[in-house]
Amino acid sequence: MSYPEPRYFGDAGEVSATLRPGDAPPDLRMGPLDAQGVPTGTRVHYLGTGGSTGGAFGLYRWEMGPRPSGPDPHFHRTMTESFYILSGTVRLHDGTGWRDTAPGDFLFVPEGGVHGFRNESGEPASMLLLFTPGAPREGYFEELAEIAATGRRLSDEEWTELYHRHDQYMV
């Protein structure tokens with residue numbers, strides 16, 4: 001293993017860092033609506049998108065409410081996915097079966113690796129999701145949120161098309 005080829009060729013470095021405060025509001029809310037029409041389920045924070053990291057990675061804080069949520073087992077052809085549990089109990093599928101995980105647990109899934117996640121604990125849970133390289137996953141998340149918010153029903157063929165468009169292959 002060696003360092004990759006240089007991507008910065010300046011002599012002195014530059015001021016280019018970005019900071020996202022921990023108390024910034026979520027970029028996306030998903031799930032059932034409350035009386036004011038605000039989704040009450042999952043809150044997604046776009047910490048570093050493929051666009052903001054020059055395609056290097058996508059990092060998202062995923063805060064799930066107490067209701068069951070999360071995708072069934074699937075795989076990606078073009079990117080790895082990693083999970084780091086921050087709080088609560090998250091069920092992760094590691095390709096062989098579902099495992100209950102706790103804060104501090106980490107799962108790395110290479111391209112083609114079958115995986116999934118669920119919150120079935122009845123309590124809130126949160127984790128970090130890391131995609132490498134930085135694919136535009138926020139488009140996929142936003143499309144799922146729109147489908148849930150509007151109650152739109154997709155046919156099996158429409159689900160397959162949506163998944164394939166976003167490099168998601170259900171097993």
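Student: What makes glutamate 161 and arginine 165 a salt bridge?

Tutor: The term requires a side-chain nitrogen of Lys or Arg within 4 Å of a carboxyl oxygen of Asp or Glu. For glutamate 161 and arginine 165 the closest N and O atoms are 2.8 Å apart, so the pair meets the cut-off. This is a predicted model, where local features need pLDDT of at least 70, side-chain atom pairs count only at pLDDT 80 or more, and totals for chains, interfaces and linings use all residues. Residues are numbered from 1 along each chain as its sequence is written, and side-chain values use heavy atoms, with hydrogens and water left out.

Student: How far apart are glutamate 161 and arginine 165 in helix 2?

Tutor: They are separated by about one helical turn, because they are 4 residues apart in helix 2. Helix 2 covers 156-165. Helices (H or I, at least four residues) and strands (E, at least two) are DSSP runs, numbered from the N terminus.

Student: Are glutamate 161 and arginine 165 called buried, partly exposed or exposed, and why?

Tutor: Buried means under 20% relative accessible area, exposed over 50%, and partly exposed in between, with a 1.4 Å probe and protein chains only. Glutamate 161 has 42% and arginine 165 has 44%, so both are partly exposed. Elsewhere, shared partners link the salt bridges of Arg91, Asp100, Arg118 and Glu120 into one network.

Student: How many salt bridges does the structure hold?

Tutor: There are 10. One of them joins arginine 152 and glutamate 146, with 2.8 Å between the closest N and O atoms. Arginine 152 is at 39% relative accessibility and glutamate 146 at 33%, so each is partly exposed.

Student: And what are arginine 61 and glutamate 63 called, buried or exposed?

Tutor: Arginine 61 has 16% relative accessibility and glutamate 63 has 15%, so both are buried. Their side chains also form a salt bridge, at 3.1 Å from N to O.

Student: What makes Tyr84, Leu86, Phe106 and Phe108 a patch?

Tutor: Patches are made of residues with over 30% relative accessible area and no salt bridge; like charges are joined within 9 Å, and nonpolar side chains (Val, Leu, Ile, Met, Phe, Trp, Tyr) within 5 Å. Tyrosine 84, at 35%, clears the area cut-off and is partly exposed. Together the four residues of this nonpolar surface patch have about 400 Å² of accessible area, computed by the Shrake-Rupley method with a 1.4 Å probe, where for residues only the protein chains shown count as cover.

Student: Which strands supply the patch?

Tutor: Strand 5 (80-87) and strand 8 (106-109) each give at least two of its residues. Tyrosine 84 belongs to strand 5 and stands opposite phenylalanine 106 in strand 8.

Student: How do you know that strand 5 and strand 8 pair?

Tutor: Two strands pair if DSSP finds at least two bridges between them. Strand 5 and strand 8 have 4 bridges and run antiparallel, so they pass. They belong to an open antiparallel sheet of 6 strands in the order 1-2-3-10-5-8.

Student: Why are strand 1 and strand 8 called edge strands?

Tutor: Strand 1 (28-30) and strand 8 each pair on one side only. In this sheet the twist averages 20 degrees from one strand to the next. Such angles run from 0 to 180 degrees between N-to-C directions, along axes fitted to C-alpha atoms, for helices over the stretch in contact.

Student: What lies across this sheet?

Tutor: Helix 1 (137-150) lies across strand 1, strand 2 (42-48), strand 3 (58-64) and strand 10 (125-132), at about 40 degrees to strand 1. Contact here means heavy atoms within 4.5 Å. Proline 133 sits in the loop between strand 10 and helix 1, and a cis peptide bond, with omega about -10 degrees, joins threonine 132 to proline 133.

Student: Which strands form the sheet of 3?

Tutor: Its order is 7-6-9, open and antiparallel. Strand 7 (98-101) and strand 9 (116-118) are the edges. Strand 6 (90-93) and strand 7 share 4 bridges, and histidine 93 stands opposite tryptophan 98.
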